[in-house]
Amino acid sequence: MALTWRAVLLAALGIPVVLLLPATGTVLVWGAFVVLACAVDALLAASPREVAVRREVPASVRLGEPVRSTVTLTHVGRRRRLRAHVRDAWPPSAGASPGGDPGTGGRDAQAHPDRHAVDLAPGDARRVRTVLVPTRRGDLHGDRVTIRAWGPLGLAGRQASVDVPTRLRVLPAFRSRRHLASRLARLRELDGRAAVQIRGAGTEFDSLREYVIGDDVRSIDWRASARRADVVVRTWRPERDRRVMIVLDTGRTSAVRVQDEPRLDAGVEAALLLSALAQHAGDRVELLAYDRRVRARVAGTSGPRLMPALADQLAGVTPTLVETDWPGVVAQVRARMSQRALVVLLTTLEPVVVEHGLLDVVAGLTDRHQVVVASVADPEVAELARGREDATAVFDAAAAERAGLERAAVAVRLRQRGAEVVEGLPDDLAPRLADTYLALKAAGRL
């Protein structure tokens with residue numbers, strides 16, 4: 001039995017009664033009266049178990065975007081009117097907010113945005129809506145729907161909870177999508193849709209055009225020039241149908257928070273932007289999320305199905321507090337990539353981690369593939385390096401400078417082994433990685 005503020009007020013009214021009638025049993029009589037009134041009121045309330053409950057949510061939503069959870073209540077009882085509060089319970093990461101329902105009380109909606117007031121006659125149905133704005137990737141599972149039915153006096157009521165299994169998949173936000181249009185424009189230039197000439201190994205012949213001053217004489221097609229009685233040159237475009245493998249490190253270093261988000265999230269954004277760009281370029285994209293075992297994999301998917309498949313797989317990827325098995329990563333890449341490909345490693349440039357893991361195996365990849373190592377930079381390190389306020393700030397600045405020099409030294413050693421290194425702030429990593437991909441295509445290195 002649940003009590004309301006009215007029951008508390010009724011009990012409080014007994015204080016002046018006791019003062020006016022200071023008999024020995026007055027308190028007991030008044031207490032018995034309050035309990036009896038509440039019990040009768042609860043018995044007269046409609047049974048919350050005589051309500052059919054159905055919850056509906058979309059199959060998926062992007063992180064940070066609003067979505068509605070709709071609960072349909074049908075009063076299947078035949079005798080009493082249902083006056084109740086309904087709670088559509090979700091975990092805190094669902095970000096429940098008021099659904100703008102007319103029956104929801106103002107202050108109560110602000111304090112409890114997942115609760116709704118309903119008034120149903122027997123046989124009636126009603127929909128209540130809760131707006132969810134998820135704050136975390138992955139699967140959200142709806143909790144029980146709780147119905148608390150009040151009696152006609154509003155003193156007490158009955159409560160029941162109904163299990164309504166519901167799953168909402170929260171996909172990555174893909175905020176880096178705003179950079180896609182500008183990179184696609186540059187890709188169209190490389191692809192020959194704008195006037196440009198590209199020279200380098202690994203490119204495909206596109207067309208012939210007349211020679212102009214400044215063209216590389218090595219691109220002159222002498223046979224075509226003889227037939228046309230004019231000097232013509234060959235133009236080139238980047239090869240299509242190349243293979244791109246993105247390896248997302250999900251080991252313990254990916255759990256480090258950078259700007260209040262795990263480092264892994266910036267890697268997810270970079271992987272999505274690069275995949276979208278490579279797909280438009282006609283390349284075949286594969287993705288592997290790995291630490292000591294495969295956490296997610298997308299392979300053999302192309303065209304319009306690629307990006308939904310990537311978003312679905314990356315939705316549930318979370319950091320794992322184990323050391324990454326880099327020899328295992330190399331084995332996975334070699335098992336999947338028999339021909340030359342672009343291998344992108346989204347990991348960290350922490351000196352200790354790289355020197356005792358990635359550095360020992362990167363040569364096993366660069367001998368056959370074009371390797372790019374991409375890492376997120378922490379802006380707080382740069383802020384610490386500028387500190388000069390007091391002795392503590394100076395020591396912090398010295399430590400930050402030392403960390404920066406060590407990271408730069410690690411990057412140099414990776415480049416000496418044939419890998420490209422890309423580093424950027426969380427919002428800059430994705431576009432910088434896309435620019436590196438375009439630069440490699442322009443140079444004919446893919």
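Three bridges tie β3 to strand β12 (residues 167-171), and the two run parallel; strands here are DSSP E runs of at least two residues, helices are H or I runs of at least four, and both are numbered from the N terminus. Pairing needs at least two DSSP bridges between two strands. Arg 62 sits opposite Leu 171 in β12.

This is a predicted model, with local features needing pLDDT of at least 70 and side-chain atom pairs counted only at pLDDT 80 or more, while totals for chains, interfaces and linings use all residues. Residues are numbered from 1 along each chain as its sequence is written, and side-chain values use heavy atoms, with hydrogens and water left out.

## The rest of the sheet

β3 and β12 belong to an open sheet of three strands, ordered β3-β12-β9 with mixed pairing. Its edges are β3 (60-62) and β9 (138-141), each pairing on one side only. From one strand to the next, the twist averages 30 degrees.

Helix α8 (residues 306-315) packs on the sheet and touches β9 and β12, where contact means heavy atoms within 4.5 Å. The direction of α8 makes about 110 degrees with that of β12; angles run from 0 to 180 degrees between N-to-C directions, and axes are lines fitted to C-alpha atoms, for helices over the stretch in contact.

## α5 against α7

Helix α5 (residues 180-190) and helix α7 (residues 263-280) have axes that come within 10 Å and cross at roughly 35 degrees. On the α5 side, Leu 180, Arg 183, Leu 184 and Leu 187 meet Leu 273, Ala 276, Leu 277 and His 280 of α7. That contact has six nonpolar, one polar and one charged residues (Ala, Val, Leu, Ile, Met, Phe, Trp, Tyr, Cys and Pro are nonpolar; Asp, Glu, Lys and Arg are charged; the others, Gly among them, are polar).

## Cavities

A whole-structure search turns up five cavities of 30 Å³ or more. A cavity is a set of points on a 1 Å grid, over the protein atoms alone, where a 1.4 Å probe fits but cannot get out, and lining residues have an atom within 4 Å of a point. Volume is the space filled by probe spheres set on the points, which are joined across faces, edges and corners.

Terms used
On a 1 Å grid over the protein atoms alone, a cavity is a set of points where a 1.4 Å probe fits but cannot get out, and a pocket is an open set with protein on both sides within 12 Å along at least five of seven lines; lining residues have an atom within 4 Å of a point.
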